[in-house]
Amino acid sequence: MNGYFSIAIDGPGGAGKSSLSKRLALELNIIYVDTGAIYRTLGLYCLNHGIDCKDEDSIKKNLPFVKIEIKHEAGIQKMFLNETDVSNMIRTPEVSIAASDVSSLASVRNFLLDMQRKFAKEHSVVLDGRDIGTVVLPDADCKIFLTASAAVRAERRLKELKEKGIDQSFEDVLKDIEYRDYQDSHRKTAPLKQADDAVLIDTTNLSFEESYNKLLEVVNEKINLC
């Protein structure tokens, strides 16, 4: 395929977006951008500075002092906040909720929109998030909406946290998942929803390999990669 192409993968937390997108980008030898990590980084900034993550006026006043960078090292996305690598710090449930809160603010989304679109203009990319196919890249070459039941997503997230040494109960993780689902789908600005031309993939009863094969099948149908 000549030129750059873009793949937009949306869906709620824990549906498998990040892990599947990383695998896809690796096999296609293109750049993967975890857009949720961008909002998590800003959420972490607010938490570190005692800023109410729902107070848009306070956050707007602080945006000029926030420098968020995305770097790729050996194909792995790293997030930097004011020159500090925060890639691991942004993965806690507390930051997850903060990210959901700040991402509901129009000024925040506008502030970070150009960063996301810039990657798609300069590279072939896989972007995952909650509004990639509807807002960030409405003209993406391939759009996919990944989902799964809340309970299954909580189990997956709990496993990820344990592997990172973060101790959380299933109940707390499920509560976080359900909170984010409601917040993300009910926010006024760029709510979580399936784009009209996105292909729905439900991974509830699928293994990782089955989910990936389904994802790759859709991508091959939408984009001529030969």
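**View 1. Asn88 in the loop between β5 (84-85) and α4 (93-102) of a predicted model.** Helices (H or I, at least four residues) and strands (E, at least two) are DSSP runs, numbered from the N terminus. Asn88 is exposed, with a relative accessible area of 65%; exposed means over 50%, buried under 20%, and partly exposed in between (1.4 Å probe, protein chains only). The C-alpha atoms of Asn88 and Lys164 are 8.5 Å apart, although 76 residues separate the two along the chain. Residues are numbered from 1 along each chain as its sequence is written. In this predicted model, local features need pLDDT of at least 70 and side-chain atom pairs count only at pLDDT 80 or more, whereas totals for chains, interfaces and linings use all residues, and side-chain values use heavy atoms, with hydrogens and water left out.

**View 2. Cysteines in a structure with zero disulfides.** A disulfide is a pair of cysteine sulfur atoms within 2.5 Å. For Cys53, the closest cysteine sulfur is that of Cys46, at 4.6 Å, too far for a bond. Cys53 is buried, with a relative accessible area of 8%, and Cys142 is buried at 0%.

**View 3. The largest nonpolar core, of 36 residues.** Such a core is a set of buried Ala, Val, Leu, Ile, Met, Phe, Trp, Tyr and Cys residues joined through side-chain atoms within 4.5 Å. Among the residues that touch the most other members are Ile59, Ile68 and Met79. The helix α2 gives the most to this core, with seven residues.

**View 4. Surroundings of Ile68.** Contacts (heavy atoms within 4.5 Å) of Ile68 include Ile38, Met79 and Leu112, not counting residues up to four places away in sequence.
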